[in-house]
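Hello,

Here is the structure I promised you. Please open it and keep it beside this note as you read.

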Amino acid sequence: MPQLLWYLLMTELVVMATPRVYRDIERDLNDGTFAVLMQKPLNYGAMRVAESLGFLFGRFPAFAAIGGIGTLIFAGEVTAGLRSPLAMGIGCLLVLLSASVMTISYTVIGLCSVFLRDTRALSMVWDKGVWLFGGMMVPLVLYPPWLQEIASWTPFYHILFGVAQIALDGVTLACIHSALTLFEWSGVGIVLIELLQRKIKSDIIGEGG
Amino acid sequence: MKNIVAWYATLVMTSFRSAASRRLAFLFSVLMMVINNLLYFLTWWIIYQKVPSIGGWEFRDMQLLFGISACSFGLCSLFFNGSRTLSEEILQGGLDTFLMAPRNVMFSASSSRCDITGLGDIISGIILFSFAIHSPTDIVLCTLFSLTGAIIQFASVVLFHSIAFWISGLREVSDLGLSVLLILQSQPGSLFTGMVRIIMFTIIPAGFVATLPVQVIRTLDPVGALLAVVAAIGYLVIASRIFSRGLLRYESGSRIELGAHR
């Protein structure tokens, strides 16, 4: 049971600490800030990612401290996987890495609002993907084998389960594999942001003064 | 009466056309909502692969529960989405436009906006129904309860947002009311007992939206069906009365807006 509580803490930390940057982008689009910023010699996507990562890194210590104390009270002990300071540190870094990938993905979703007008449905699907294929509600080991296989091919698996399994098994090769895969997915996300921005710049027509 | 229906149909069609004006975005949003709901339901499917029933609720009951919840939420989003911003309109003087027309303010303000993703909810609800329906009676009952569910949800949202007439700055509470309603109506009814069950059939009527309908479809109890219909009418009357009472306290924002009314 303590293992499961610490597992849940890690998954919740990833989800809760990630800023919903797509809402900011959608707001920028609706109030005209987006059109103004896109004309300036700055990379809008990179700016939004950097700003959100700032929020993430700023609030993460508070989230981790409050969540950690709460979990310790309910679980009564620190799970074996996170007992050493090194494992705890690696666990925090992995959560931050996951949340960073989530931030990049939310930026991609936000930029899609230029074409979709409302990204609520898309962001909900992404969150459900994280929820389902990341094993947030039901641990992935309870899934049928074919669904586990599908989940392992998605970024969601590494974003939640790959990182949170440190609470179950400690620092293992699987965690390191997940970390490396998350770097790959963040690369995919950055490329998508750049492609979307190029498409937006070529399609957008600015009028007015 | 004919005029009112024609006016209402025009209002809904106008807001629907406006929402669906970008066809690709419209289709994408609808598709995403279908996928979103089915992904959420997949979690329950996984749980039911491990346990045959949860407090007497079998997998078919969950299909019906989700089907009714999704359809009623979709209908409410499609036809009465303006109800979800009523508190904002009340506080910012946005009801002026609706007060100028000789129509029911609650209905016209609520129907002024259309959330096209509601169509995705309805489609996913029908998909879930199609796997759980056994007879023509089930089809009739599912349709009936989707309608009563939509009315109850609409009435509840109006009630939650009418708080703004008396207490300002409680927008979050109104939104929270809807969230709690949605959470309660999408869980097996047997999970809730005691005080929560009383709340489910009074303040936050999630029990009337989905829990009671599923029990009625399971047992074909005519009294239960009648109770759901009476509850829908009752909540609508209560919402209408409270909204009208609140409207007496409404202060105009002197906002100049252009609106199209027939």
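A residue is buried if 20 or more other C-beta atoms, placed from the backbone, lie within 10 Å of its own; 12 or fewer makes it exposed, and anything in between partly exposed. Helices are DSSP runs (H or I, at least four residues), numbered from the N terminus.

This is a predicted model: local features need pLDDT of at least 70, side-chain atom pairs count only at pLDDT 80 or more, and totals for chains, interfaces and linings use all residues. Residues are numbered from 1 along each chain as its sequence is written, while chains are lettered from A and ligands numbered from 1 in the order in which they are written.

Start with helix 8 of chain A (residues 155-164). There, 10 of 10 residues are buried. Among them are Phe156(A), His158(A) and Gly162(A). Its cover includes helix 1 (2-17), helix 5 and helix 10 (173-203) of chain A.

Next, a helix pair. The axes (lines fitted to C-alpha atoms over the stretch in contact, with angles from 0 to 180 degrees between N-to-C directions) of helix 2 (residues 21-31) and helix 5 (residues 85-116) of chain A come within 7 Å and cross at roughly 25°.

Last, the two chains. Their contact (C-beta atoms, placed from the backbone, within 7 Å) takes 17 residues from chain A and 18 residues from chain B. Helix 6 of chain A gives the most to chain A's side, with eight residues.

Best wishes

Note on methods
Helix = DSSP H or I, 4+ residues; strand = E, 2+ residues; numbered from the N terminus. Contact = placed C-beta atoms within 7 Å.
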